[in-house]
Amino acid sequence: MGLRAKIIGTGMHVPDRVVTNDDLAKLMDTTDEWIQKRTGIRERHYIEEGQQPADLAYEASKNALRAADLDAGQLDCIILATLSPQADFPGTSFFLQELLDVPETPCFDLRAQCSGFVYALAVANGFIQSGMYQRVLVVGCEVHSTGIDLTDTGRDVAVLFGDGAGAVVLEANADENDPAGLIEVRLHAEGKNAKKLWVEAPGSGFTPVRITHELIEQRRHFPYMEGRLVFKHAVTRMPEVLLETLGAASLKLEDVDLFLFHQANLRINEYVMGQLEIPAEKTLSNIHKFGNCSAASIPMLLDEAVSTGLLSRGQVVSMTSFGSGFSWASAVFRW
Ligand code: UT7
């Protein structure tokens, strides 16, 4: 069976502050009804003054390490997927590494937006299968609340996003009697659609400086999204890559016990499940509670599946994402 990357612990964390749809309706022209009907979201969590992305990542990582029964010092590498880094540079992973008190453990951020976690899983898998590292911490962490336009102008995007972090610890598994581990992962990207869902500024291509009052006045530091186009691509690419990944693993849809989809919009996932005729009881959603947490959504969902006992060892899990870039990806593993 060879060396496999096995998930030995999961964790998640969201900040305490809950922001409901009604709270947003006080800031912009929207309604709880519109948001719930179009997206399935009821509330999301936002950080409060003084909280940092790395604080969320730290809590999620501690939970994953506790579940794995490991100390941070036993990690060989930390990969953190995010589209909302704590600083322009260095990556959030460096602030997390300091909080974890592992001063020389290699760490880096990975940028593949809402597909960031699945991309990071693929990278960690490569490290483990090559024998380079034994134990890798993979984190998805986002703080969207400080980067969205909470006025009428930004309402299409602002209502979707929330803050949160999810983490997993992966370990090399060479035990012939333990089939747990990543089976297949497939990654895709399409840069021609980079500007269909993006934040333009600050950007190093703006001369002579990356951010100006003018750019801010033009609101170019807020996300821009062609929602319908993103929706259309998501409902096409997600089933495509999911089936490609299962095919590469010689598995059928019926072999999968649990399907975890990126939480961008409940309607997207319902549409994908309808196309593939996946029964509702074979999936789990958290978008109603947390909104879209981009790279953090899937590991948060996995942690919920594990901590609520929905998932038991030996079961097959498929995870699929789509997001800005465009980027889309799928992984299948035996828990
Ligand atoms: O994780 C990254 C990937 N992101 C996604 O996958 C998001 C994909 N896109 C979507 O989920 C949907 O496109 C949205 C939920 C964002 C929007 O739903 P939609 O059905 O595509 O709505 P729309 O953009 O076509 O807008 C319909 C109407 C418009 O008004 P008019 O022109 O019909 O008068 C919008 O101005 O809804 C209006 N609208 C809103 N109304 C109330 C847009 N945002 C809001 C809002 N509240 N927050």
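Predicted model: local features only at pLDDT ≥ 70, side-chain atom pairs only at ≥ 80, totals over all residues.

Reader: What makes serine 294 buried?

Author: Buried means under 20% relative accessible area, exposed means over 50%, and partly exposed is in between (1.4 Å probe, protein chains only). Serine 294 has 1% relative accessibility, so it counts as buried. You'll find serine 294 in the loop between α10 and α11. Its phi is near 45°, a positive value in a residue other than glycine.

Reader: And why is serine 250 called exposed?

Author: Because its relative accessible area is 67%, and the exposed label needs over 50%. Serine 250 sits in the loop between α8 and β11 (258-261). Its phi is positive too, near 55°, and again the residue isn't glycine.

Reader: How do you know that helix α11 is largely enclosed?

Author: First the term: helices are DSSP runs of H or I with at least four residues, strands are runs of E with at least two, and both are numbered from the N terminus. Helix α11 covers residues 297-307, and nine of its eleven residues are buried, so the rest of the structure largely encloses it. Among the buried ones are Ser297, Ile298, Pro299 and Glu304. Just after α11, glycine 309 takes a positive phi of about 80°.

Reader: What makes glutamate 304 and lysine 289 a salt bridge?

Author: The rule asks for a side-chain nitrogen of Lys or Arg within 4 Å of a carboxyl oxygen of Asp or Glu. For glutamate 304 and lysine 289, the closest N and O atoms are 3.1 Å apart, and the pair forms a salt bridge. This pair links distant parts of the chain: glutamate 304 is in helix α11 and lysine 289 in helix α10 (residues 287-290), 15 residues apart. Glutamate 304 is buried, since its relative accessible area is 15%, whereas lysine 289, at 26%, counts as partly exposed.

Reader: How many salt bridges does the rule give?

Author: The count comes to 16 salt bridges. Glu190, Lys192, Arg237 and Glu240 are linked in a network of them.

Reader: What puts arginine 237 in a salt bridge with glutamate 190?

Author: The closest N and O atoms of glutamate 190 and arginine 237 are 3.5 Å apart, and the limit is 4 Å. Here too, distant parts of the chain are linked: glutamate 190 is in the loop between β8 (181-189) and β9 (197-198), arginine 237 is in helix α8, and they are 47 residues apart. Glutamate 190 has a relative accessible area of 16%, so it is buried.

Arginine 237 also forms a salt bridge with glutamate 240, with the closest N and O atoms 2.8 Å apart. Those two are three residues apart in helix α8, so about one helical turn separates them. At 40% relative accessibility, glutamate 240 counts as partly exposed.

Reader: Why is the pair of phenylalanine 259 and phenylalanine 261 called stacked?

Author: Rings of Phe, Tyr and Trp (its six-membered ring) pair if their centres lie within 6.5 Å; planes under 30 degrees apart count as stacked, over 60 as edge-to-face and the rest as tilted. A search of the whole structure finds five aromatic pairs. Phenylalanine 259 and phenylalanine 261 form one that is stacked, at 6.3 Å centre to centre with 5° between the planes. Both of these phenylalanines are buried. Elsewhere, ring pairs link Phe108, Phe127 and Tyr133 into a cluster.

Reader: Last one: why does serine 130 count as exposed?

Author: Serine 130 is exposed because its relative accessible area is 55%. It belongs to helix α5 (residues 116-130). The C-alpha atoms of serine 130 and leucine 3 are separated by 8.6 Å, with the two residues 127 apart along the chain.

Definitions and conventions:
Residues numbered from 1 in each chain as written. Heavy atoms only, no water.
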